[in-house]
Amino acid sequence: MFNFGSGPVQRVGRRGFQVAARLGGVVDHRLGLSRRANAAAERHAAPIYEITSSRHVHLTFDDGPSPGFTDAICDLLEAGGHQATFFFTGCNVERHPDLVRRVSAGGHGVGSHSFGHLPQWERSGPRILLDYARGHRAVQQSLGSKPTLFRPPYGHHDWRSALFTKGLRLRQFGWTNEAEDWKPGVTTASIVADLEDAIQPGAVVLLHDAIVDNPAAYDRSATVAAVGELVKVLNQRNLVSRPLAGR
Ligand SMILES: [Zn+2]
């Protein structure tokens with residue numbers, strides 16, 4: 001996916017939200033994106049909101065839920081006293097609604113991440129808005145309440161995600177750090193190496209408890225094992241992962 005690195009952060013109040021207006025950095029070539037699509041993705045990086053606390057880190061997981069992985073991640077986090085945020089895709093929610101409820105019961109944050117994880121730059125405005133709405137509705141139906149968090153697929157923020165989040169009064173989140181754990185064959189060691197230094201107050205860390213668009217990356221074992229290691233890092237640094245706050 002896209003690695004925007006750490007960006008400039010604006011503080012708004014002592015306990016308010018921070019907004020990293022625009023993050024520069026490297027955009028990877030997921031799905032063999034064209035140079036033009038990558039440039040568009042960089043321009044459209046979703047804004048990042050962070051809770052200002054000296055102890056809070058925000059682990060986030062995209063594309064799930066996925067049996068055997070989402071629940072394993074929850075177990076590891078909860079054993080260490082941590083909670084994360086899961087941005088679910090409607091297509092996986094419809095297959096595993098029980099996992100949405102399991103995540104919510106663990107006190108984790110739940111947001112939507114579209115239905116079909118479509119490449120927004122290739123599709124029309126209405127097609128994308130319908131996909132966002134369908135995904136959001138699937139999460140709401142499984143959860144029994146309205147989610148207030150949203151992350152567009154690929155972190156691609158444009159007028160459609162702006163319109164969608166404003167219309168439904170959602171808070172949209174990007175991320176500050178990721179470890180390319182969506183790549184087939186990625187190892188636990190490389191994920192931990194990429195994120196160890198990023199585990200700092202205010203970080204919004206992107207990981208994946210599922211992958212929608214690449215069967216070669218369906219196995220999330222490396223990410224699950226990395227979560228176990230990252231929990232150790234959090235505990236050593238006296239930091240705690242907390243859900244992102246919605247409206
Ligand atoms: Zn995604």
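Which residues of helix H4 (residues 97-105) are buried? Leu99, Val100 and Val103 are the buried ones. Keep in mind that this is a predicted model.

## The chain at a glance

The protein chain has eight helices and twelve strands. Of its 247 residues, 47% count as buried. Take the contacts between residues at least 6 apart in sequence: 77% of them join residues at least 24 apart.

Look down the axis of H4 and its buried residues fall within an arc of 105°, so they line one face of the helix.

What sits over the buried residues? The cover includes H2, strand S6 (85-88) and helix H3 (90-95), along with strand S7 (109-112) and helix H5 (125-143). After H4 comes glycine 107, and its phi is positive, near 85°.

## How H2 sits against H8

A pair of packed helices is described by the angle and the distance between their axes. Here, the axes of H2 (residues 70-79) and H8 (residues 221-236) come within 9 Å and cross at roughly 10°. Angles under 35 degrees count as roughly parallel, so H2 is roughly parallel to H8.

On the H2 side, the residues in this contact are Ala72, Ile73, Leu76 and Leu77. They meet Val224, Val227, Gly228 and Val231 in H8. By class, that gives seven nonpolar residues, one polar and no charged ones.

Technical notes
Residues numbered from 1 in each chain as written. Predicted model: local features only at pLDDT ≥ 70, side-chain atom pairs only at ≥ 80, totals over all residues. Axes fitted to C-alpha atoms, helices over the stretch in contact; angles between N-to-C directions. Helix = DSSP H or I, 4+ residues; strand = E, 2+ residues; numbered from the N terminus. Parallel < 35°, antiparallel > 145°, perpendicular 65-115°, else oblique. Contact = placed C-beta atoms within 7 Å. Nonpolar A, V, L, I, M, F, W, Y, C, P; charged D, E, K, R; others polar. Buried ≥ 20, exposed ≤ 12 C-beta atoms within 10 Å, placed from the backbone. Arc of directions from axis to C-beta.
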